[in-house]
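Dear colleague,

Please find below the structure I am handing over to you, followed by an account of what was found in it.

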Amino acid sequence: MSSETIKTPEFSALMRKRGIDLSGRRILLTRLTGSEQEKDLSEPANCKGFGRIRHFRFNSSEDWSDNPLPIYPALRALGLKQTAELRAQVFQNAVCNWRCWYCYVDFNRLNGDRRYSEFMSAPDLVDLLHEANPDACMVDLSGGQPDLTPEWVPWVMRELTDRGLAEKYFLWSDDNLSNDYFWRFLSRDDIDIIRSYPMYGRVGCFKGFDERSFTFNTTAPPEDFAQQFDLFSRLVAEGIDLYAYVTFTTPFGDGIADGMTKFCDMLQNVHRNLPLRTVPLKVAPFTPVKSRMKADHERSITIQHEVHSAWLDELSRRFSAVERKVSICNVAIR
Ligand code: SF4
């Protein structure tokens, strides 16, 4: 392991300590106002600077796969008609244990730095949501890495349920698949709430398609790549409505086809159908990213298209055209 890679267990513990107030049942949320990320927002930050509106689009790029997440699971849960775009209310927790060079969040908003963040309880968050965005139908608990503070999701679920709002909002959260905090810090009651909450979906993010790209992207050690699949398997076994993202940026132009074959094998070791629940994300240089980019990163933005082609080849080799057309929500992975 390079001396420059992150020690995930230690750094996770530090970030968790900064990111949660257990006795007050509060989560450290990022203040978006004044950030570089704010320059990329299509609507001004809301919820007193702690929230933002995100427009999820099914087809945002001509040269990339469509992205049905979280549009399809949300529309299904809400009983709404198909649409190509969904407007969601997003909150970000203020800690992450990895440092992906392409992260669209300012790194100083991932450190649990109290200059750019504030502790908020679930009642605080729901109050802000009601004040600023009463018509929202979807809430995205994002980050940062929400699962460093896994209590956040069941706390919000309980609050919405207590206020009779459990059916008003579809809840979505993401997870960088870096630790077992879900099982270490949640009670069985918490996990049961998450499992049985009907308006919830979750996405796990594979941060590369092989160890080299994973470490290049995250600064985490290469062995954490295989661990992502183990953690994903454990979440599937819990019966959560689970999906996957993957990023394909890599500075290495060799071994792409072979690496993609192995990546798809690893997905299929979790479940034969998992590639059909996996959505590739095209990396683009948002404002906070630009100052981090060096020649390797520029190259990786170009090479991701070759990797994406290899992904499409593997999908057509492994699944029939009919299987590839099944709505992502209806792909069984249990
Ligand atoms: S894991 Fe997510 S929040 Fe953390 S640095 Fe990577 S992209 Fe950003």
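Helix 4 (residues 152–162) and helix 6 (residues 188–196) cross at roughly 65 degrees, and their axes come within 9 Å. The class of roughly perpendicular begins at 65 degrees, and helix 4 and helix 6 are therefore roughly perpendicular to each other. The crossing of helix 4 with helix 6 is left-handed. On the side of helix 4 the contact is made by Val153, Pro154, Met157 and Arg158, and on the side of helix 6 by Asp189, Asp190, Ile193 and Ile194. Five of the residues in this contact of helix 4 with helix 6 are nonpolar and three are charged, with no polar residue. Please note that the model is a predicted one.

Two further helix pairs share helix 9. For helix 8 (residues 223–237) and helix 9, the axes cross at roughly 25 degrees and come within 9 Å. Angles under 35 degrees count as roughly parallel, so helix 8 and helix 9 fall into that class. Their crossing is right-handed. Helix 8 contributes Phe225, Ala226, Phe229, Phe232, Ser233 and Val236, which meet Phe263, Met266, Leu267 and Val270 of helix 9. By class, nine residues of the contact between helix 8 and helix 9 are nonpolar and one is polar, while none is charged.

Helix 9 (residues 256–270) also packs against helix 11 (residues 295–318), at an angle of about 50 degrees and with the axes 9 Å apart. Helix 9 and helix 11 are therefore oblique to each other, and their crossing is right-handed. The residues of helix 9 in this contact are Ile256, Ala257, Met260, Thr261, Phe263, Cys264, Asp265, Leu267 and Gln268; those of helix 11 are Ile303, Glu306, Val307, Ala310, Trp311, Glu314, Arg317 and Arg318. The contact of helix 9 with helix 11 comprises 10 nonpolar, two polar and five charged residues.

Two individual residues may also interest you. Glutamate 238 lies in the loop between helix 8 and strand 9 (242–247). Is this residue, glutamate 238, buried or exposed? Its relative accessibility is 9%, so glutamate 238 counts as buried. Apart from neighbours within four places in sequence, glutamate 238 is in contact with Phe182, Trp183, Arg188, Ile191 and Arg195. From C-alpha to C-alpha, glutamate 238 is 21 Å from threonine 161, and the two are 77 residues apart in sequence.

Serine 65 is placed in the loop between strand 3 (51–57) and helix 2 (71–78). With a relative accessibility of 23%, serine 65 counts as partly exposed. If residues up to four places away in sequence are not counted, serine 65 touches Pro280, His308 and Leu312. Serine 65 and histidine 308 are 243 residues apart in sequence, yet their C-alpha atoms are 8.4 Å apart in space.

Finally, I turn to the chain as a whole. The protein chain has 12 helices and 10 strands. Its radius of gyration is 19 Å, close to the 20 Å that the globule rule gives for 334 residues, so the protein chain is as compact as a globular protein of that length. The C-alpha trace spans about 50 × 45 × 40 Å along its principal axes. Of the 334 residues, 59% count as buried. Among contacts with a separation of 6 or more, 81% are between residues 24 or more positions apart.

Yours sincerely

Notes. Residues numbered from 1 in each chain as written. Predicted model: local features only at pLDDT ≥ 70, side-chain atom pairs only at ≥ 80, totals over all residues. Heavy atoms only, no water. Axes fitted to C-alpha atoms, helices over the stretch in contact; angles between N-to-C directions. Helix = DSSP H or I, 4+ residues; strand = E, 2+ residues; numbered from the N terminus. Parallel < 35°, antiparallel > 145°, perpendicular 65-115°, else oblique. Left-handed = near helix turned anticlockwise from the far one by under 90°. Contact = heavy atoms within 4.5 Å. Nonpolar A, V, L, I, M, F, W, Y, C, P; charged D, E, K, R; others polar. Rg over C-alpha atoms; globule rule 2.2 N^0.38 Å. Buried < 20%, exposed > 50% of the residue type's maximum accessible area, 1.4 Å probe, protein only.
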